[in-house]
Amino acid sequence: MADALAAARDSGAEAWTGSLDLALSSGEARLSPASWQWRGEHYPYPAKLKDRTAYYWDGDGFEPVARYAGSLIKLVPTEWGAPTFEIDGIKMLPTSKASPVDDARRKVALVEPRGKGVLDTCGGLGYFAGCCLEAGATRIDSFEKNADVLWLRTLNPWSPDPDSEQAGGRLQLVHADVAEAIERIPDASVDALLHDPPRFGIAGELYSLAFYQQLARVLRRGARMFHYTGSPNRLTSGRDVPREVAQRLQAAGFKAEPALDGVLAVRR
């Protein structure tokens with residue numbers, strides 16, 4: 001986008017039309033030799049920017065939407081508009097075949113959230129929560145442990161804002177570790193559940209029988225859960241994580257079967 005702005009200026013154009021919010025909307029920038037104007041504010045033309053990096057205006061300059069606090073966490077643009085994010089170079093959302101929002105929409109549909117109270121265990125960029133809002137959930141309780149991921153959400157235009165008119169007070173976003181917070185959720189108080197944990201090597205406790213028993217406790221009977229697993233280690237070690245997860249969920253009180261890139265489970 002920065003290159004397109006500069007190219008339009010160099011061609012003598014007085015205006016450029018495009019998107020500066022990762023393809024969520026479009027607008028017109030007014031161009032002058034030394035600066036450009038967008039929605040009433042003036043900005044300098046950015047210097048050279050890094051590829052695969054989103055930038056935001058911090059009041060003094062354009063800075064990458066990235067933080068380092070033991071791990072490098074950054075927002076990463078995709079060809080679909082809606083971004084993914086990476087932790088130490090590891091992509092956290094599938095984007096190779098579809099938009100991460102469309103991917104989330106398919107998974108959310110499996111738990112049929114309309115008219116239900118939904119537990120979103122690992123909120124991430126909020127795409128599950130946003131799709132639940134869109135699908136008519138009455139309440140979404142979303143937990144996110146990582147403060148830097150929550151910061152990414154404030155700068156990602158595709159992340160749902162709990163305070164927005166669209167949310168209408170239905171989205172509760174909590175900075176907490178769901179492995180601990182779930183103990184405070186009442187029995188059989190959740191109508192549908194979405195569980196998208198980090199990979200097993202990072203958050204093994206979120207794949208444990210003890211945690212699955214907590215999920216079973218808070219879900220009402222007959223309630224649906226989608227558990228993202230992916231297929232880590234299948235090619236290198238032959239390990240079948242979705243099958244292992246399904247077996248553990250069954251031991252915790254669910255009927256479970258593979259679905260999409262995870263497991264769909266129903267509370268018995």
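Residues are numbered from 1 along each chain as its sequence is written. In this predicted model, local features need pLDDT of at least 70 and side-chain atom pairs count only at pLDDT 80 or more, while totals for chains, interfaces and linings use all residues; side-chain values use heavy atoms, with hydrogens and water left out.

Helix 1 spans residues 2-10 (helices are DSSP runs of H or I with at least four residues, strands are runs of E with at least two, both numbered from the N terminus). Leu5, Ala6 and Ala8 of this helix are buried (under 20% relative accessible area; exposed is over 50% and partly exposed in between, with a 1.4 Å probe and protein chains only). Viewed down the axis, the buried residues of helix 1 fall within an arc of 160 degrees, so they line one face (the arc is taken from the directions from the helix axis to the C-beta atoms). Asp3 and Asp10, on the other side, are exposed. Gly12, with a positive phi near 95 degrees, follows the helix.

Turning to the rings, Trp36 and Tyr43 are both buried. Their aromatic pair is tilted, with 5.0 Å centre to centre and 35 degrees between the planes (rings of Phe, Tyr and Trp, the last by its six-membered ring, pair if their centres lie within 6.5 Å; planes under 30 degrees apart are stacked, over 60 edge-to-face and the rest tilted). Ring pairs join Trp36, Tyr43, Trp57 and Phe62 into a cluster.

Leu72 belongs to strand 8 (residues 72-76) and counts as partly exposed because its relative accessibility is 37%.
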